[in-house]
Amino acid sequence: MSGPAVRYLPGTRPAWERDADVVVVGSGAAGMAAALAAAAAGRRVLLLTKEDVGGGATPLAQGGLAAAIGPGDDLALHRRDTLTAGAGLCDPAAVAALVASAPAEIDGLVRRGARLERTALHLEGGHSRKRIVNAGGDAIGAELHRVLTAALAGKTTAAGPVEILARCVALDALTDDRGSVGGVLAGLVGEDGGLWTGTIRARAVVLATGGFGQAYATTTSPAGVTGDGLALAARAGAELRDLEFVQFHPTVLWQESAAGQCPLLTEALRGAGAVLVDAAGRPVMAGRHPLGDLAPRDVVSAAMQQRMARGDGPADHLWLDATGLGRAVLERDFPTVTALCRDRGIDPVAEPVPVAPGAHYACGGIQADMDGRTSVPGLYAVGEAASTGVHGANRLASNSLTEALITGRRAGERLGRELTGPRAGKPGPRPGAPRPLTGWRLPPEGPGVDPASRPVLAAAMSRDAGVLRTRAGLERLSQLLGQVRPAGGGLELATVEATNLHTVSVLVVASALARAESRGCHRWRDTPPASTGQPGRHTVLRVEEGRVRDSHSVRHMDRQEVSA
């Protein structure tokens, strides 16, 4: 495939080392679930988190956990809704596994002490039944964070502890001559952003680093969500699937000149009766889809973008009118959203709230099965970093947290079963110089990317790789990505994040240009969506010597092909 090269990170000399059975990278729901399950099976686990535990997207989640547990609901309906939203690219077996496991996953959280609302279920876009399990009205992420961090803290040395290494970023995988992964190069982040690098030998590496929302100018993702796991996997030669499918949340709180992380307004507001309207108060989704405001997110975001482009109102936002819900409902069922709006001088009880689509969720990712196994032996991926086949071309609302918990747990349990033999030594730093990397290697050194390039690249991604795309726009973006300035100086966190975001952007553009049809979250401006009655073809890429290659196209993922 033609296009810009993927940049490798500048070189560094490791100064410390550690050992573990399993390294888990990321401390969101998927990472914590994987770490807990592997530790419960007796594996010695080292959990790396770039910030503090739970610094990613999980604590911010407002929606909930999708599970068919309500009256009039069943697994077949949940499965059907997921397949419909996925627009012909879901793996039916993966979807069946998700919907079958979801009710028990909810029960397991309750046994851990989670305060979940399992009777007054919410309704979100694409769902035919109320099946969203929530907490605190719109604070499910905070509750999951509370419960899972408490579980991590409760682990003792006798039970196989989860050792946590905070303020540590995974840089690259250690691979052998066959391409198998045996650990990572990591950097401890100093107060000035400098990195003190070292090697962590491990029998398995689990990537749970979330998505890459920060590749866009406006996103719901926090600052640390910079595609680190996806870029690491790309440089390690893993197969990457369907990266063109970036889901934009339709209702991100809009404010003039706002950029970076912006708060979202949960879809459950529309499930409760809130309506998207234009400048004249006309409903945006009227006549656009049988489900109206609760159509799948790709449909709603595309309709909003088209309405804004008509020129009879602002070109950059619409409004969400929740005034009909009343003060009692807003303050009782949506306290987080109500407080967010009021903090910004908007009272949703009395006035419509300005909203616009914002980058929210990566439906594609590192190709993996429901146990996290990727195309690279020893490398696992779970949560948003992975493409398991559950989400297809467009994620069904609130399936992601459910999937994160299930795949994280399953990956940890599999590693607990399969990592036989003696356990690694205690995962502490060894004094003196680390051992030579005999039998293991890192990717080649490269120039990296200048962190100062990030704002320009993010603006270009939002403009040309956003909700509605054109081939000319993507080709212009590809050219820009090829011209970005190299990094200067030593290896710092800012350089790592800029390089990883550049890598993700190169891959998204290559994937988008490879798909001629409009499907799911990938929409050409002047091409109507393809029929989803028949399965579509996946876009599967691999990076070889810095160049993006078309790995293969398949109609359905064969689990045996991606098994480690």
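# Notebook: helices and loops in a predicted model

In α7, I found Arg297, Asp298, Val299, Val300, Ser301, Ala302, Ala303, Met304, Arg307 and Met308 buried (buried means under 20% relative accessible area, exposed over 50% and partly exposed in between, with a 1.4 Å probe and protein chains only). The model is a predicted one, where local features need pLDDT of at least 70, side-chain atom pairs count only at pLDDT 80 or more, and totals for chains, interfaces and linings use all residues. Residues are numbered from 1 along each chain as its sequence is written, and side-chain values use heavy atoms, with hydrogens and water left out.

**Helix α7**

I looked up the extent of α7 next: residues 297–308, 12 residues in total, reaching 16 Å from the first C-alpha to the last, close to the 16 Å expected at 1.5 Å a residue. The expected span is 1.5 Å times one less than the number of residues in the helix. Helices (H or I, at least four residues) and strands (E, at least two) are DSSP runs, numbered from the N terminus. With 10 of its 12 residues buried, α7 is largely enclosed by the rest of the structure. What covers those buried residues? I noted that the cover includes β12 (246–253), α6 (268–271), β14 (275–277), β15 (318–321) and β16 (353–362).

**Helix α12 and its partners**

Helix α12 covers residues 471–482, and its 12 residues reach 17 Å from first C-alpha to last, close to the 16 Å expected at 1.5 Å a residue. I listed its buried residues as Gly473, Leu474, Leu477, Ser478 and Leu481. They cover an arc of only 140° around the axis, which puts them on the same side of α12; the arc is that of the directions from the helix axis to the C-beta atoms. On the other side of α12, I found Ala472 and Gln479 exposed.

Which helices do the buried residues of α12 pack against? They pack against α11 (454–464) and α13 (493–514). I then took α11 and α12 as a pair: they pack at an angle of about 165°, with axes 9 Å apart. Axes are lines fitted to C-alpha atoms, for helices over the stretch in contact, and angles run from 0 to 180 degrees between N-to-C directions. α11 and α12 are therefore roughly antiparallel to each other (under 35 degrees counts as roughly parallel, over 145 as roughly antiparallel, 65 to 115 as roughly perpendicular, and the rest as oblique). α11 passes α12 in a left-handed crossing; a crossing is left-handed if the near helix is turned anticlockwise from the far one by less than a right angle, and right-handed if clockwise. The contact (heavy atoms within 4.5 Å) is made by Val456, Leu457, Ala460, Met461, Arg463 and Asp464 of α11 with Gly473, Leu474, Arg476, Leu477, Leu480 and Leu481 of α12.

**Helices α2 and α3**

I checked a second pair, α2 (residues 75–85) and α3 (residues 92–111), whose axes come within 9 Å and cross at roughly 135°. These two, α2 and α3, are therefore oblique to each other. Is the crossing of α2 past α3 left-handed or right-handed? It is right-handed. I noted that Leu75, His78, Arg79, Thr82 and Leu83 in α2 meet Pro92, Val95, Ala96, Val99, Ala100 and Pro103 in α3.

**Loops with positive phi**

Most residues other than glycine have a negative phi. Arg167 has a phi near 55°, a positive value in a residue other than glycine. Arg167 sits in the loop between β6 (162–166) and β7 (168–175), and is partly exposed at a relative accessible area of 34%. Glu191 is in the loop between β8 (181–189) and β9 (195–207), exposed at a relative accessible area of 82%.

Glu545 also has a positive phi, near 50°. I placed Glu545 in the loop between β20 (540–544) and β21 (547–552), where it counts as exposed at 78% relative accessibility.

Leu195 lies in strand β9 and is buried, with a relative accessible area of 16%. Leaving aside neighbours within four places in sequence, I found Leu195 in contact with Val169, Leu171, Gly187, Leu188, Val189, Leu491, Glu492, Leu493 and Val496.

Thr323 is in the loop between β15 and α8 (326–333), partly exposed with a relative accessible area of 30%. With neighbours within four places in sequence left aside, Thr323 is in contact with Pro348, Val349, Ala350, Glu351 and Pro352.
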